[in-house]
Amino acid sequence: MKNAKILITGATGATGGSAVSTLLELKVPVRALVHQADARSERLRDQGVEIVQGDLSDFDAVNEALKGITGAYFVYPIQVPGILEATAFFAQAAAEQGVGAIVNMSQITARRISTSHAARNHWIAERLLDRSGISVTHLRPTLFCEWLTYLSQAIQKQNILPLPFADARYAPIAAEDQGRAIAAILSNPAEHAGKTYPLYGPREISQYEIAEMLTQVLGRKIAYVPMEIEPFGQLLKGMGFNDHFVQHMSAVAQDCRDGVCSGTNDLVEKLTGQRPMEMVDYITKNKALFS
């Protein structure tokens with residue numbers, strides 16, 4: 001890692017923020033590309049992170065951010081259309097600047113036949129990065145533990161967990177664990193070049209079990225309310241989410257029912273030397289969000 005410098009996109013977000021913290025612990029210099037300067041970016045600056053402001057849809061800003069960078073983490077917000085253009089910009093700029101390695105945040109549902117427009121575009125984005133000539137590692141996590149935060153109001157005010165996943169089981173993974181995995185890969189990228197890593201939490205659970213975990217941690221009864229997919233889409237629209245995200249999550253709900261999000265492995269532990277967080281531990285750590 002001599003003379004290494006890592007660019008983290010999404011550095012004020014969940015996975016990017018965790019990756020920054022881990023890299024700083026490893027004494028690896030970090031530059032953060034942030035969408036806007038605010039209190040979050042100032043906290044990063046106070047920790048010794050170099051801050052550059054810019055948008056992934058701005059080729060010149062991305063090119064400038066990648067100057068002098070040896071490895072980079074690329075993540076694009078799932079709620080915003082435009083991943084293919086942003087990926088093309090990032091790949092071209094990284095190639096021009098001689099970046100040696102990229103860790104790309106994809107998702108478990110990314111595949112050619114995905115009915116989610118966003119998930120299919122993630123799969124195409126993977127292919128764009130593969131053609132860049134740069135060593136790339138793709139991460140395909142299952143559903144995040146952080147998914148619960150979308151429903152924090154329903155949990156707080158109605159004591160319900162309304163979701164369209166039926167009785168499907170999957171192994172939720174915390175962004176914190178993904179960030180540690182990202183940092184581990186960027187600290188030794190050659191070993192992971194050209195690989196695609198599905199990332200999972202430690203064990204598969206159902207929404208009924210998650211509701212029981214919420215009940216235990218919060219000290220009041222939280223009930224899982226199974227929904228059909230179309231009414232759930234309307235619920236998301238009512239919460240202010242755009243059509244792009246609603247279409248994606250509706251397709252993901254069906255994928256989850258069909259077992260696409262299921263499975264588990266020990267990759268996080270192998271990459272980081274630490275077992276990933278249990279869902280109940282995530283809820284306990286973030287209890288204030290649901291109380």
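This report covers three loop residues, Ser-132, Asn-159 and Ala-166, in a predicted model.

Ser-132 sits in the loop that joins α5 (117–130) to β6 (135–141). Its relative accessibility is 18%, so Ser-132 counts as buried, the cut-off for that class being under 20%. The side chain of Ser-132 makes a polar contact with the backbone oxygen of Leu-129, at 2.7 Å. Once neighbours within four places in sequence are set aside, Ser-132 is in contact with Ala-91 and Ala-95.

The other two residues are described by their backbone phi angles. Most residues other than glycine have a negative phi. Asn-159 is not a glycine, yet its phi is positive, at about 60°. Asn-159 belongs to the loop between α6 (152–158) and β7 (160–163). Ala-166 likewise has a positive phi, near 50°, and is a residue other than glycine. The loop that holds Ala-166 runs between β7 and α7 (175–187).

| Residue | Phi | Relative accessibility |
|---|---|---|
| Asn-159 | about 60° | 27%, partly exposed |
| Ala-166 | near 50° | 28%, partly exposed |

Asn-159 is classed as partly exposed because its relative accessibility is 27%, and Ala-166 because its relative accessible area is 28%. Both values fall in the class between 20% and 50%.

Terms used
Residues are numbered from 1 along each chain as its sequence is written. This is a predicted model: local features need pLDDT of at least 70, side-chain atom pairs count only at pLDDT 80 or more; totals for chains, interfaces and linings use all residues. Side-chain values use heavy atoms; hydrogens and water are left out. Helices (H or I, at least four residues) and strands (E, at least two) are DSSP runs, numbered from the N terminus. Buried means under 20% relative accessible area, exposed over 50%, partly exposed in between (1.4 Å probe, protein chains only). A polar contact is a pair of N or O atoms within 3.5 Å; within protein, one must be able to donate a hydrogen and the other to accept it, and residues adjacent in sequence count only if both atoms are side-chain atoms. Contact means heavy atoms within 4.5 Å.
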